[in-house]
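Me: Could you walk me through this structure before I set anything up? I will start with the aromatic contacts and then jump around a bit.

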Amino acid sequence: MSTNASARAASTLAANSFREALLAVGGEVHLVHTAAEAQACLQAVLEEAHVRELVHHAAETLAPLQLSALAQQLQLTGPHGIGPQAHREHCARAGAGLTGAIAGIAATGTLVLAAAATTPRSTSLLPPLHVALLHSARIVPDIAAALLLFPAQALPSQIINITGPSRTGDIEHDLTTGVHGPARLVVILLHPESEHHP
Amino acid sequence: MLRVFEPYDAVVTPSGSCAAMVQHYETVFGTAHSLAAQARALAAKTHEFSAFIVNQLGVTKMPGRFPQRVTWHAACHGTRLAQVRNEPLQLLSSIEGLELVPLPRVEDCCGFGGAFCVKFPEISSAMGAEKCAHVHSTRATVLAGNDAGCLLHLQGLLARAGPAPRVLHLAELLDEAATGRPTC
Amino acid sequence: MLSPQGHFAERAKEAVADAHLRAAVRRTVDRLRDLRRTTEANDSAMPLRREKARLVREHSVAALPHLLEQFTQACRRNGTVVHRAADAAEACGIALSLLRTHAARRVVKSKSMVTEEIGLNEALERDGIEVTETDLGEWIIQLAGERPSHIILPAIHKTRHDVQRLFERESGTTLSPDTARLCAHARIRLREKFLQADAGISGANFAVASTGSIALFTNEGNGRLVTTLPRVHIAFMGMERVVADLDALASMAEVLPRSATGQKLTSYCTVITGPRGPGELDGPEHLHVIIVDNGRSAVWRDPEFRDVLRCIRCAACLNVCPVYAQVGGHSYGGTYPGPIGAVLTPLLRPEQRSATELAEASTLCAACTEACPVGIPLHDMLVRLRRREQALHPHRVQRLMLRVAMRFARSAKAGALPALLRAASHGGTAIVLRKLVPALDHWQRTRALPPAPAQTFRALWPQLAQEAMNEH
């Protein structure tokens with residue numbers, strides 16, 4: 001097997017493991033193979049949820065999605081050229097938040113995000129629906145490997161590991177989602193047919 | 001005790017709890033104590049009854065017949081401290097005619113706990129009542145165990161509450177199977 | 001820590017008589033331990049994860065002073081302000097003065113046991129600060145004016161109808177007792193609180209020495225909101241929470257959720273390193289960590305009990321404890337219920353005499369020790385606490401009774417035991433005996449005495465020994 005083929009096989013395994021683990025905790029996963037499929041998937045998810053306003057991380061963290069293509073149907077708010085107060089108001093109002101994951105964790109179906117100027121915390125937290133784009137090549141085996149992705153001497157102000165929707169069992173153990181964070185977590189898992197590292 | 005048992009090759013206890021206690025003697029005395037070596041020696045030759053039969057005598061097939069539905073109370077000290085888990089089950093299931101039925105939540109303490117059972121009688125009885133309900137749910141005709149304290153407590157609770165399975169120590173059950181004579 | 005009113009035995013007796021409470025506790029512990037066991041049974045690496053977690057905690061506790069120093073220095077580099085509090089009063093005082101400095105009047109909190117321990121809410125409210133617990137279970141408890149009854153599920157003793165009534169009273173609206181609707185209501189009400197809050201207060205599941213980070217594990221996301229929306233974040237941590245580095249933290253992440261709820265990971269696990277960075281649109285502008293001692297240094301100096309500081313508050317020991325299952329959390333009287341509470345409370349509060357009774361309230365079944373993912377010998381520690389209590393305050397009557405019993409057992413009179421047993425079972429003598437010996441009375445209230453054998457084992461032994469010899 002060529003290096004490329006074996007890398008592809010490994011990332012397929014990782015993608016499957018990630019998907020199964022996330023499904024098990026109530027997350028939703030859409031496996032797509034091309035940028036066009038990813039774009040169509042995002043569009044469908046937002047339409048189906050009747051999202052009118054979308055808050056999103058900076059476009060450069062969301063490649064290859066073309067956000068501009070969505071601008072006709074819904075209001076888009078990114079982190080550029082906006083103040084903290086306006087950003088908060090948009091996030092509190094938006095029907096969905098869109099993020100690009102730094103990594104995924106195969107064993108637990110976890111999305112790894114990090115707070116930064118281009119990737120604020122509230123985007124994945126305040127709206128009732130969180131949609132995340134994850135490249136299969138960025139899936140690592142476990143949380144130890146995920147934490148190693150960050151330089152220990154210059155960690156982001158917050159590393160955010162998300163494993164499924166917000167959930168509580170505090171009232172009579174009745175599992176309920178969305179008590180504080182998003183009630184739905186949808187991951188668009190981009191797994192290209194031929195391996196290329198994003 | 002160290003003196004009394006010194007001349008013997010093996011010491012067999014009817015309860016896992018007793019075996020565990022003796023096996024932990026050294027920590028009671030402290031490793032620096034003048035009797036520590038003796039304590040260690042006694043610990044090494046002390047065995048719970050079923051563990052003695054299976055592991056020391058190498059016997060796993062028990063003679064006789066016992067055509068009854070039996071459930072087993074796994075006493076906490078026997079299983080968790082003396083690490084005797086499978087030996088009694090091995091012996092019981094080797095007996096002809098004996099039907100061994102698993103006890104639900106078998107790992108839960110029955111509420112005896114030595115002085116605990118009279119210091120906190122309400123808690124102890126509540127724990128025991130749950131255990132008895134599990135015993136009844138098995139529809140066993142005999143509840144067997146290898147800890148005299150637990151059995152005393154469970155027998156007392158079961159007898160007080162009405163018709164109940166007989167409560168037998170493993171040794172009594174083996175004797176009854178082998179001789180055909182009921183022990184009590 | 002709130003001082004318990006009365007004694008464990010009295011509170012426990014009431015709890016045992018409360019059928020609703022017992023059913024709720026039983027349902028909770030069975031559910032949580034089954035979830036944990038299912039996860040563990042399907043995970044061949046679990047023994048390794050536990051062993052690694054044990055080693056990490058053992059090392060963390062051994063190196064505690066060094067790690068705290070390292071943590072403090074790393075925090076200095078990343079802009080986190082570290083405070084050390086010797087006791088509850090000092091910890092609350094630091095928080096109060098920080099809130100005053102930042103002109104913060106409205107506080108949202110995520111779940112933190114150490115703030116329960118130091119009585120933070122009461123201290124803040126006395127100063128006119130509005131404190132809102134935002135973990136759903138904690139909010140329910142706060143509205144009811146009660147204390148948590150379980151470490152990770154604080155409101156297990158409340159039904160959905162109780163919750164409905166509490167929410168209706170708080171909001172002045174009419175609600176349905178449907179769980180999803182109650183949660184939706186809580187989301188809206190608490191979201192308002194989050195958006196208005198000046199400061200967020202959280203605990204810290206762990207602190208990372210090498211990076212100066214704190215880690216929070218939550219399922220609801222309130223931990224994220226508390227550390228995202230308010231402009232000030234104050235995190236409280238017991239001084240033993242620290243681990244060496246991110247790899248050690250990863251080991252903790254592998255066992256804490258698994259042991260607590262059987263989850264591989266909680267919905268959210270955030271690693272916080274300093275306040276919001278340049279250009280960031282959210283996150284606190286100020287981050288303070290208050291490291292609380294409150295009796296922990298003394299425990300650390302005590303070789304018999306130091307290991308208890310390994311505890312990661314997963315509550316696995318509660319969920320397997322047969323005593324906790326009957327009496328629930330409130331009976332324990334302190335912040336920490338169950339086996340860990342029975343060990344920790346008397347150690348952290350040695351002056352609180354009634355806490356020493358907790359060590360007695362155990363059958364020493366060792367289920368706690370078996371369940372503990374970081375290898376704390378909880379049942380052994382209960383024995384050590386009993387021994388210590390006996391040395392300090394010898395129970396004279398008990399000792400005398402033991403001595404009498406020993407003498408009786410050694411003497412020839414032991415042969416009279418069956419006769420005594422028969423006398424104690426029936427008739428007038430039984431009544432007199434029960435009056436004289438309370439233990440006998442306690443026994444007989446719910447249990448029959450065993451049928452008396454014809455002869456004692458000691459009387460039988462010579463004959464049995466002879467028979468055995470003959471068979472050889």
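Reply: For the aromatic part, rings of Phe, Tyr and Trp, the last by its six-membered ring, pair if their centres lie within 6.5 Å. Please keep in mind that this is a predicted model. With that cut-off, Phe116(B), Phe120(B), Phe8(C), Tyr324(C) and Tyr332(C) form one aromatic cluster.

Me: How many aromatic pairs are there over all chains?
Reply: The structure holds seven aromatic pairs when all chains are taken together. One of them joins Trp139(C) and Phe167(C), with 4.9 Å from centre to centre and 40° between the planes, and that geometry is classed as tilted.

Me: And where do Trp139(C) and Phe167(C) sit in the chain?
Reply: Trp139(C) belongs to helix 8 (residues 136-144) of chain C and Phe167(C) to helix 9 (residues 160-171) of chain C, so the pair links distant parts of the chain, 28 residues apart.

Me: Is Trp139(C) buried or exposed?
Reply: Trp139(C) is buried, because its relative accessible area is 2%, and Phe167(C) likewise counts as buried, at 0% relative accessibility.

Me: Which charged side chains lie over the face of a ring?
Reply: Arg306(C) lies over the face of Trp300(C), 3.8 Å from the ring centre, and Arg313(C) lies over the face of Tyr336(C), with 4.6 Å to the ring centre.

Me: Changing topic: which pair of chains has the most contacts?
Reply: Two pairs of chains touch, and the one with the most contacts is chains A and C. Between chain A and chain B there is no contact, and their closest C-alpha atoms are 21 Å apart.

Me: Now the cavities, please. How many are there of 30 Å³ or more?
Reply: The count comes to nine cavities of 30 Å³ or more.

Me: What lines the largest cavity?
Reply: It is lined by 16 residues, of which Cys321(C), Pro339(C), Ser362(C), Cys368(C) and Leu382(C) lie nearest its centre. By class, the lining of this largest cavity has 13 nonpolar, three polar and no charged residues. Helix 15 (322-327), helix 16 (338-348) and helix 17 (367-371) of chain C each supply at least two residues of that lining, and the largest share, three residues, comes from helix 16 of chain C.

Me: And what classes of residue line the second largest cavity?
Reply: The lining of the second largest cavity has eleven nonpolar, no polar and one charged residues. Arg313(C) and Ala315(C) are among the residues that line it.

Me: What about the backbone at Ala315(C)?
Reply: Ala315(C) has a positive phi of about 70° although it is not a glycine. It is found in the loop between helix 13 and helix 14 (316-320) of chain C, and Ala315(C) is buried, with a relative accessible area of 3%. Asn294(C), also not a glycine, has a positive phi of about 50°; this residue lies in the loop between strand 10 (286-292) and helix 13 (296-301) of chain C and counts as buried at 4% relative accessibility.

Me: Where is the cis peptide bond?
Reply: The peptide bond from Ala63(A) to Pro64(A) is cis, with omega near 10°, and Pro64(A) lies in the loop between strand 2 (53-56) and strand 3 (75-77) of chain A.

Notes
Residues are numbered from 1 along each chain as its sequence is written. Chains are lettered from A and ligands numbered from 1 in the order in which they are written. This is a predicted model: local features need pLDDT of at least 70, side-chain atom pairs count only at pLDDT 80 or more; totals for chains, interfaces and linings use all residues. Side-chain values use heavy atoms; hydrogens and water are left out. Contact means heavy atoms within 4.5 Å. Rings of Phe, Tyr and Trp (its six-membered ring) pair if their centres lie within 6.5 Å; planes under 30 degrees apart count as stacked, over 60 as edge-to-face and the rest as tilted. Helices (H or I, at least four residues) and strands (E, at least two) are DSSP runs, numbered from the N terminus. Buried means under 20% relative accessible area, exposed over 50%, partly exposed in between (1.4 Å probe, protein chains only). A charge sits over a ring if NZ of Lys or CZ of Arg is within 6 Å of the ring centre and within 35 degrees of the ring normal. On a 1 Å grid over the protein atoms alone, a cavity is a set of points where a 1.4 Å probe fits but cannot get out, and a pocket is an open set with protein on both sides within 12 Å along at least five of seven lines; lining residues have an atom within 4 Å of a point. Grid points are joined across faces, edges and corners, and a volume is the space filled by probe spheres set on the points. Ala, Val, Leu, Ile, Met, Phe, Trp, Tyr, Cys and Pro count as nonpolar, Asp, Glu, Lys and Arg as charged, and the others, Gly among them, as polar.
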